[in-house]
Amino acid sequence: MSTIKTHYNRRSFLKISAASGGGMLLGFSFLAGCKADVVAEQIKTKALPKNWFDMNAFLKIGENGLVTILSPNPEIGQNVKTSMPMLIAEELDVNWEDVVVEQAGFDKNKYERQVAGGSQSIRHGWTSLRTAGATARRMLLEAAAQKLEVPVDELRTENGIISHKNSDKTISYGEVASVASQIEIPEEVQLKDPKDFKIIGQGIKNVDGQKIVTGQPLFGLDYKRDGMLIAMIEHPPAFGMKLKSVDDSKAKTMSGIKGVYTIDTSSLSEQRPTIFAFSEVVAVVGNSTWEVLQAKKALNIEWEKANTLEDSATHSQEMDKFLANKNIEAKRKDGNPSKAFKDASKIIERVYTAPFLAHNTLEPMNFFADVSSEKADLVGPIQTPQWASGMVADALGMDVENVSIDMTRQGGGFGRRLYGHFVVEAALISKAAQSPIKLIYTREDDMSYGVYRPAYKVKYRAAINDKNEMTAFHVSGVGAHGGPVWENRFPAGAVEHYLAEDQSIETVVSTGAWRAPKSNFIAGAEQAFLDEVAEAIGKDPIDFRLELFEKAKANPVGEENDYDAERYAGVLKMVREKSGWDNQKSGVHRGVAAYYCHNSYVAQVVDIIEKNGKPAIQKVWSAVDCGIVVNPEGAKNQIEGGLIDGIGHAMYSAMSFKDGVPQQKNFNTYNLIRHMDAPMEIETHFVDNGIDPTGLGEPGLPPVMGALANALYKATGKRFYDQPFAQNKELLG
Amino acid sequence: MAEFTINLNGKSTKVDVAPNTPLLWVLRDHLDLVGTKYGCGIAQCGACTVHIDDIAMRACTLPISQISEQKITTIEGLSENGTHPVQKAWLEHDVAQCGYCQTGQIMTAAAFLKDNANPSDDEIARAMNGNICRCGTYTRIKAAVKTAAKNQ
């Protein structure tokens, strides 16, 4: 048990007075579930209560003991709408069957860090969300002590029932909720010992599961309000172009069309030009999606060149020039790498590359906006509601307090919905059209107006001495709007002579974070390179890495090493044992990799067999150390999805540019992994160490790219350096 | 605009739309049935899968004027309260991550299992290959289809 000062997160406990005027009705809005009967379907144990009593910003309790938990963070498929409420319910000490979850709207006064990004929701919420549950539990206990006229420390709770130790008196949470909601917030509360957890550690199913499989309205694209019109945009067809003139004479007269508007988004492009590429877009507004689509095609727009019109080939040449540069400032240097390379008996040098990638959330960008002169009311899928509300306020010249954002469930994020230019566009279109609108991007708009994962190159060199030891390691990376190198990550700290360099090329193509930024490329390159070094030295790739971790643990080089060597080695040892690595099977070609990012450690083994004359992935094994696993079922799902995403993008996906024009605009030319390419089987194991939990949305993706490359080498005898690997015809099934 | 009478989820339903309007937008914009999703608009991703006389079809490229008497089933009409064996299997395997593609996946799987009650892993992968899951829930989808096959 640990005692937590509640002022740790005081802002989260702004007390709202109890629902004296009849309470809040569940199911009153779209975001609470659209239809009361749909919400009621979720409730297995109790009827809807007549009144809800607000305990704090995260939870309200009905007079019959039903609990509504507000999940603060955006749900993009990382399952926080289930796992974050689990933390609250655990400390509240209720039966999970009595819990209904609602998505909280954006409210910076009530909640902290309402962001879906960096795999940080559970890590940041671990103490504050449990404190919210424990605080409410304490208030319920104090209310029960008053009602039962017994000392509070003689009371205990279990599954929403408070009982008195020395008598048979019991009272339910529902019966004391009204009184409890008026009690002073305690200054400190006690949190459970992890060994007493009843909900944390259980495989709790997705709280929206029933609505998802029955097609209920959940997503931004499903949102509808009376009087709402549909809006679509045309953006410049190339990066480096801008609007010259619009002839909307035909479009304006078409059936169902309300108007065509030029939308000035320069407040975005001027402030963050590397992310927001376009200063103007053209919007069509009308009654229905199909009518707007037809009018969009009938627009006659002239675009003009405003900047360089770039090609992928020139991006590549530019990066080669940077890599050839001999005078790069080191980001980190240990020992004397140049001497070690001079003294080496063997040097291995390899270059790895990867293209730009689009995020391609299956639900394209969209947002609802209803803007008047007084306020902006916004609803939709966004990973960063706080940032978006500020940008909207700027663009409208409105006080940010008058901008409200509610989040729907989000049909994927992967970083794309961090960048809410589409929220700003929706607000400006609503203002121009003087109507509530829902902005919808077509797939083509979405893919060709990206905030892409940058193209990268990295050169690795390793020096091997006459005793067959790796004495020096040199990594030199380059990327668009920032290079891919994390200079303090492994093998920094494990090699005597170490040099890390990182450079950046400029581009007019907009770039941003894409699931596991930088790691989504560098992990695969580094782990494939280490595989080659191990082979050159004549060591098993796991043994080779474990020896490096031993060195990093016993005698680390430098002080800024950004990993725990013991936990890193731990996942490798676990994957070795679980996959039966030491008993190689004939006909199964295996590759291994391990990586640390977003505070979690993942090691993976990819097994490839030959099927119909081509390599096919039979199985992927993962060993994961993310500390305490909050929801084992959801956690496994994240690792499975992450590794399929990693395999898919390493194998199949690429975005290229010609004269600034994105060459892939839909799924007929942009390849995503499909059922037939997916691993036939996945097995995932978690380290059980009781350490406070860290995130899982991203860490499952990066290492698998390396494990895949290493397994492909075993299967084909060929090393693959350039993503997507399937550009090599022999790999296509 | 023209008036069409369609046989939708067991009910005769009237809509007044342009004849070339794809069924997807008729469902979503005019009938408030939003379980059928927009993903690509060119029949590449499968998010908009519906049944036309029990055959899985892409609603995004199917003009309303091409449908006459055929029986249209959407995810909302697949079962009462999500009790179809495929929907139940999806819940049992906790398949969804973001969930956006899953109604399309379920519709493809339900039509497939009508034709092939006891499919092999390869047959499942082939049948489901037209449905993209960007979150990568493919192994869970396969497991759910097998469970549904067993339970139907």
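Residues are numbered from 1 along each chain as written, and chains are lettered from A in the order written. Because the model is predicted, local features need pLDDT of at least 70 and side-chain atom pairs count only at pLDDT 80 or more, while totals for chains, interfaces and linings use all residues.

**Exercise 1.** Find out how helix 3 and helix 4 of chain B are oriented to each other.

*Solution.* Start with the axes (lines fitted to C-alpha atoms over the stretch in contact, with angles from 0 to 180 degrees between N-to-C directions). Those of helix 3 (residues 102–115) and helix 4 (residues 121–128) of chain B come within 10 Å and cross at roughly 130°. Next, classify the angle: under 35 degrees is roughly parallel, over 145 roughly antiparallel, 65 to 115 roughly perpendicular, and the rest oblique. The two helices of chain B are therefore oblique to each other.

**Exercise 2.** Which residues of helix 3 of chain B meet helix 4 of chain B?

*Solution.* Look for contacts, meaning heavy atoms within 4.5 Å. From helix 3 come Q105(B), T108(B), A109(B) and F112(B), which meet E123(B), I124(B), A127(B) and M128(B) in helix 4.

**Exercise 3.** Describe the interface of chain A and chain B.

*Solution.* First, list who takes part: 61 residues from chain A and 56 residues from chain B. Then turn to buried area, the accessible area (1.4 Å probe) that two parts lose on being put together, summed over both. Chain A and chain B bury about 4800 Å², with 55% of it on carbon and sulfur atoms. Finally, W290(A), L362(A) and H675(A) supply 17% of the area chain A buries against chain B, more than any other three residues.

Conventions:
Heavy atoms only, no water. Helix = DSSP H or I, 4+ residues; strand = E, 2+ residues; numbered from the N terminus.
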